[in-house]
Amino acid sequence: MRDDTSDTRETAGRGGGRRNRGHKRRGLTTRLTVLVTTLAVGAAGTVIATQYASAGNKQRDTAREQTRGQAWHGTISCPNVGDQLEDVPDDVRARVDRELSRLDAQLAVAYRQLARQRGNPRRVMTKLENKRSFTIGRIVRTLGSVTESPDHLRGLAGCDFQRGRPGGNPEPPPVEGGEGEGEEIGGVGEGIGGVGEGEGDDSGEPIENGPVPEDFVDITTVAPNVNEPVLGENASTGTLLLECGRNEEGRYNSDNVIVAPGVSNGAHHMHDYVGNVSTDAFSTNESLEAADTTCTNGDRSTHYWPVIRIQDGTDEQDVDQPGGGLDGNIGTILTPETVTIQFRGNPLSEVTAMPRFLRIITGDARAFTNGTANANSSWSCTGFEDRQLTDRYPICPEGSSVVRTFEFQSCWDGENADSANHRTHVDYVREDGSCADGFVAIPQLVHRITYDIPPGAVYAVDSFPEQLHKPITDHSDFINVMTDEQMDTLVECVNSGQRCGPE
């Protein structure tokens, strides 16, 4: 048993509700077209150059240079159909998930087209609306065959395009530290890999879509903003620490089995995986239960989050693949310096066991366009974790590492392992540390991941194309595959105040 150092890094999210809010390089044998923006920062004394680079032959590069200024840069905002689905019967859920994934693929392709479009984007947006209207109609008909027809969804086909300056940001929706909806819709049509049925974009070129200098801040200029929790006399104060590695083996894919099961490239960005070694879009409870794990205690649960990349012009192995360069995610994938997976208790009460195969998503992969209602991003630097950022990446001083922290929902409805929007079956504790009526306290999962960012390097989290790699879109995912014995051990450790885990 041991004490984990992250015990001293508690935020208001622990005791009082939500916080405030193995790759290979491919040699570049042809000329690079590079746009460099310099960011000067304060006390850290660092200068960052943001580079957008893509390889190609000389003729293609020349043409791109001549037409770059005619491309339309900005953000497409579409109503979130998945967020409007309160109940999806089990016998049609897979079909509805595939249609939701088609909507996401259509949006990704429209974004690619706009990024290279000459002239007015009206044609692209009209085509997108027509495709969405057809797909939403199929969702309505599918649900109407087994329950009351949700005809109100038909009004969600239209999207808005918010133009931004070339190579930079549009004026974003307000970003204050919450979030809208997660990675809940992502992917492609049934049997279609990459971009979805009839939605292909054959340009084969990486998208240039962020980050920008305004996305970064010197952590030494940020005031402390973390509140210590207030523990009640019946608080469950124990912890259980898992050792599951850092994804040293390089297990990546752009699937999301929670929100887009059976759909390749359901996330449109790459994920790091630790724990269960078999997790992909086609995993089932049975396959997860039978798979091997990287966790030393034999826990087969799966933990995954978007990769971080250095924007250095390097061609990763996925530069010409969906989820990688074709979805605007380029640069060198970083292996985490450390990964800490910890479960802890409730500030007011004991916790109860999680159900097996419980699925939880924390954060919102679409928070930049959705708004911040479901956001749970938290960025900092080692030595400065009394100050947390939601909508900026930290620039850390020499010797300090970048830290991502994910504090998962720790209240459960007592019945469901998942829900139609993958959110309503779990919730965060309220400001006083209690769970809402109808919910019970379960062990709180915390992912803490650190990165050794080279001095002066620009880095960003992988994202959906239209999210522009904004830090507010950070998120993490969990599927509980613990055995009953492992779960009993966890609950006992937490409720008895022990520190359990690797020595």
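**Aromatic pairs, charges and strands**

Me: Which residue in strand 22 is the bridge partner of His303?

Reply: In this predicted model, local features need pLDDT of at least 70 and side-chain atom pairs count only at pLDDT 80 or more, while totals for chains, interfaces and linings use all residues. Residues are numbered from 1 along each chain as its sequence is written, and side-chain values use heavy atoms, with hydrogens and water left out. A strand is a DSSP run of E with at least two residues, numbered from the N terminus. In strand 22, His303 has as its bridge partner Phe478.

Me: How many bridges join strand 9 to strand 22?

Reply: Two strands pair if DSSP finds at least two bridges between them. Strand 9 (residues 302-306) and strand 22 run antiparallel. The number of bridges joining them is three.

Me: Which are the edge strands of the open sheet of five strands?

Reply: The strand order in this open sheet is 7-8-9-22-13, with antiparallel pairing. An edge strand here pairs on one side only. The edges are strand 7 (252-253) and strand 13 (359-363).

Me: How many residues apart are the members of the aromatic pair Phe343 and Phe478?

Reply: Rings of Phe, Tyr and Trp (its six-membered ring) pair if their centres lie within 6.5 Å; planes under 30 degrees apart are stacked, over 60 edge-to-face, the rest tilted. The whole structure holds six aromatic pairs. Among them, Phe343 and Phe478 are edge-to-face, at 6.1 Å centre to centre and 65° between the planes. Phe343 is in strand 12 (residues 338-344) and Phe478 in strand 22 (residues 475-479), a sequence separation of 135 residues.

Me: Why does Phe343 count as buried?

Reply: Buried means under 20% relative accessible area, exposed over 50%, and partly exposed in between (1.4 Å probe, protein chains only). Phe343 counts as buried because its relative accessibility is 0%.

Me: Why is the pair of Trp379 and Tyr393 edge-to-face?

Reply: The ring centres of Trp379 and Tyr393 are 4.9 Å apart. The pair is edge-to-face because its planes stand at 80°.

Me: Which residues form the cluster linked by ring pairs?

Reply: Trp379 counts as buried at 0% relative accessibility, and Tyr393 counts as buried at 0% as well. The cluster linked by ring pairs consists of Phe216, Trp379, Tyr393 and Tyr459.

Me: Where does the charged end of Arg366 sit?

Reply: A charge sits over a ring if NZ of Lys or CZ of Arg is within 6 Å of the ring centre and within 35 degrees of the ring normal. Lys470 has its charged end over the ring of Phe368, 5.3 Å from the centre. The charged end of Arg366 is 4.0 Å from the ring centre of the residue it sits over, Phe464.

Key. Helix = DSSP H or I, 4+ residues; strand = E, 2+ residues; numbered from the N terminus.
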